[in-house]
Amino acid sequence: MTTAKDTRGTKALIIQSAIEVLKTFGTEGLTMRKVAAAAQLSLGNLQYHYPNKIVLLSGLAEHYFGVCERLLDAYSPRPGDRRQQLRAMVMYHLDHVEHITDMCRIFREMWALATRDDALHEQLMAYYRVTFEKLTGLIEAMGVPRKPARDVAGLFIPFFEGYSITVHAGLQSRPRTVRMLVQMTESIIDGG
């Protein structure tokens, strides 16, 4: 008899195997057979948990979004004035982007697929809505009024996404990036 724990363990194995296949072969090379082989499962067992590639990709997206949401939820505001708090928040997110670069690379693959799959697109948009509200709440907790907090959150999301793509290009130092982003953010908050 299969238990919920067994199912979760098998699904986690499948997701990790799919991540490895994506890292090695990209989305075009992601096949159910390759994932089954990487997970050392039969194709039928894989399809029991993820009936097709789209469902598997949705599972990958859910996994990635969960990682990102847990990182966001784990952030606790730092003491200090608003500038110090903003700087700490930006540093926290940039540090984590650097440490989950494999996940970011996979996310880029999924983002491209979402342009062709409505269900994956909606899953992505739902993730952005949740992330936007959570970031807005963190910024409001710094004493920032709702409208500028929403404006800043709307700036942070595409910035962090873009940073995940360019982080290893060495375009400029992280301290300079943080300083400029905090300055821009304060300008938005102060109405400038």
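**Helix packing first**

H4 and H7 run roughly parallel to each other, since their angle falls in that class (under 35 degrees is roughly parallel, over 145 roughly antiparallel, 65 to 115 roughly perpendicular and the rest oblique). Helices here (H or I, at least four residues) and strands (E, at least two) are DSSP runs, numbered from the N terminus. This is a predicted model, in which local features need pLDDT of at least 70, side-chain atom pairs count only at pLDDT 80 or more, and totals for chains, interfaces and linings use all residues. Residues are numbered from 1 along each chain as its sequence is written, and side-chain values use heavy atoms, with hydrogens and water left out.

Me: At roughly what angle do the axes of H4 and H7 cross?

Reply: H4 covers residues 53-74 and H7 covers residues 118-140. Their axes are lines fitted to C-alpha atoms, for helices over the stretch in contact, with angles from 0 to 180 degrees between N-to-C directions. The axes come within 11 Å and cross at roughly 5°.

Me: How many nonpolar residues does the contact of H4 with H7 have?

Reply: Contact means heavy atoms within 4.5 Å, and the residues making it include Leu-57, Phe-65 and Leu-72 of H4 and Leu-124, Tyr-127 and Leu-138 of H7. Ala, Val, Leu, Ile, Met, Phe, Trp, Tyr, Cys and Pro count as nonpolar, Asp, Glu, Lys and Arg as charged, and the others, Gly among them, as polar. By that sorting there are 3 polar and 4 charged residues, and the nonpolar ones number 11.

Me: How far apart are the end C-alpha atoms of H4?

Reply: The expected span of a helix is 1.5 Å times one less than its number of residues. H4 has 22 residues, so it should span 32 Å; this agrees with the distance between its end C-alpha atoms, 31 Å.

Me: Is Arg-150 buried, exposed or partly exposed?

Reply: Arg-150 lies in helix H8, residues 146-166. Buried means under 20% relative accessible area, exposed over 50%, and partly exposed in between (1.4 Å probe, protein chains only). At 30% relative accessibility, Arg-150 is therefore partly exposed.

Me: With which side chain does the side chain of Arg-150 make a polar contact?

Reply: Not counting residues up to four places away in sequence, Arg-150 touches Phe-132, Glu-133 and Thr-136. The polar contact, at 3.0 Å, is with the side chain of Glu-133.

Me: What is the relative accessible area of Gln-40?

Reply: Gln-40 sits in the loop between helix H2 (32-39) and helix H3 (43-49). Gln-40 has a positive phi of about 55°, although it is not a glycine. Gln-40 is exposed, with a relative accessible area of 74%.

Me: And is His-49 buried or exposed?

Reply: His-49 belongs to helix H3. Leaving aside neighbours within four places in sequence, His-49 is in contact with Thr-7, Thr-10, Lys-11 and Ile-14. With a relative accessible area of 10%, His-49 is buried.

Me: What percentage of the residues of the chain count as buried?

Reply: The chain has 9 helices and 0 strands. Its C-alpha trace spans about 60 × 35 × 30 Å along the principal axes. Of the 192 residues, the buried share is 42%.

Technical notes: A polar contact is a pair of N or O atoms within 3.5 Å; within protein, one must be able to donate a hydrogen and the other to accept it, and residues adjacent in sequence count only if both atoms are side-chain atoms.
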